[in-house]
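User: I'd like to learn how to read aromatic contacts in a model. Could you walk me through them?
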Amino acid sequence: MRICILGKFPPIAGGVSHQTYLAAHELARRGHGVFVVTNAAEVEPEFRQMLLPGDAERLDCDHGEGFVRCVQTETVPVGSYLPWAQPYASKLFGLGLSVIEEHGCDLLVGWYLEPYGLVAAQLAAATGAPLVLRHAGSDVGRLAQNPDLRPAYDWALRRAERVLTTPSSSDLLADLGADRSRQLFLEGSRPPPYFRPDADPLDLDDVRRRAASRWEAVGLSADGGERAPYAPGTPTIGVYGKVGETKGSFDLLTALDELAAAGRAFNFLAMIGGHRRTLRAFVERVRESPPLADRTTLIPFLAPWRVPAFLRHCDLTCFAERGFPIAVHAPRIPEEILLMGSCLVCSREVAEKQFFAPSLVDGRNYLLLDDPRDTREFATRLAWALDHRDEVRAIAARGRALVQSLSRGLPRRDGHADAIEGLLV
């Protein structure tokens, strides 16, 4: 079967892009031809994964009789019309139409409503191809509240044969026009196989050299702001993902600054990106504190299959999101941290959203941050971890054993691929 997916895809950073990648390649492994129509090549540098040697070959490849072909939009010269904005929706529509006319399409999948889901619905209306939509948290939780976008999403959701979702989003989708009879709840699935604790550690010196041009592209100095190289053998506190106030990024820096000022020995390793102003504020905050800068190594987003290599360096890894405005947002980063055998330091808000939340025990299989905005308590928890390395290793081992055990009850197959394949008739 031929499947056309419009959506985010690496090198776009984030969980939606990763999910799309995993589903596309799983469908190809099952013998389907998958065309991914995307504007990923046009993503801003601050949200772009830095691809290392060998990464590009993983995007577009054959899997026996199946294959993934990533079809990219082309940039329109700035100022081509007014008011200026890249015409992503029009380009995706035209590119998708060309793919369907040339290769045929048994199923259209729009993954994330803006603009991919809406464009997929327009293509379905133009070609008669059956339509499946998959939303995330920010499109239905934030963008759909805009009075101009809401009726457009309502129209698209009403056109879809199925909307892939989870029970926590069902009411919200129903309010937006997705009849409950057409909502298909996704089953959980195991993390991808490359999340293995024996993954080779990342070559940080090589990554830092390659990252110089990326930092310059977002208006930062070539070293990303740190003053000293990573010190092997020193306890390492890690973080990865988009930076922001509600991500707890600046709470973490305040806590780390307190530890650094007290002379504590540690590495701070951060794989980060985000909105340019916020990213620059994060880096400037590191630079303002020479003791913290002396302990910090910053690298840009890498491809998702490089995350395990990053986590191999981290004795403990923080996920301090708090006060996040989208209630249905349920990040999987804590699961990744635990699975890799790094000690998870996590906010209560996020810990309670995990499928394994009832089994999480503070001080036994993770370290709880009741509210990361209490930076003194944040620093105290981290200081305890630095002073009790053997106990931290034991906590990390129990956390990994927990996730491994519970993951065995999840399907081996990719839940998104199963749902999409099940609609091919």
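Predicted model: local features only at pLDDT ≥ 70, side-chain atom pairs only at ≥ 80, totals over all residues.
User: Thanks! Is Tyr81 buried, exposed or partly exposed?

Analyst: Residues are numbered from 1 along each chain as its sequence is written, and side-chain values use heavy atoms, without hydrogens and water. Buried means under 20% relative accessible area, exposed over 50%, and partly exposed in between (1.4 Å probe, protein chains only). Tyr81 has 35% relative accessibility, so it counts as partly exposed.

User: How do I read a ring pair, and how many aromatic pairs are found in the whole structure?

Analyst: A pair of aromatic rings is described by the distance of the centres and the angle of the planes. Rings of Phe, Tyr and Trp (its six-membered ring) pair if their centres lie within 6.5 Å; planes under 30 degrees apart are stacked, over 60 edge-to-face, and the rest tilted. The search finds eight aromatic pairs. One of them joins Tyr81 and Trp84 edge-to-face, with 5.5 Å centre to centre and 65 degrees between the planes. Trp84 is partly exposed, at 29% relative accessible area. Tyr240 and Phe310 also pair edge-to-face, at 5.8 Å and 65 degrees.

User: Are Tyr240 and Phe310 buried or exposed?

Analyst: Tyr240 is buried, with a relative accessible area of 8%, and Phe310 is buried at 0%.

User: Which residues form one aromatic cluster?

Analyst: Phe9, Tyr21 and Trp305 form one aromatic cluster.
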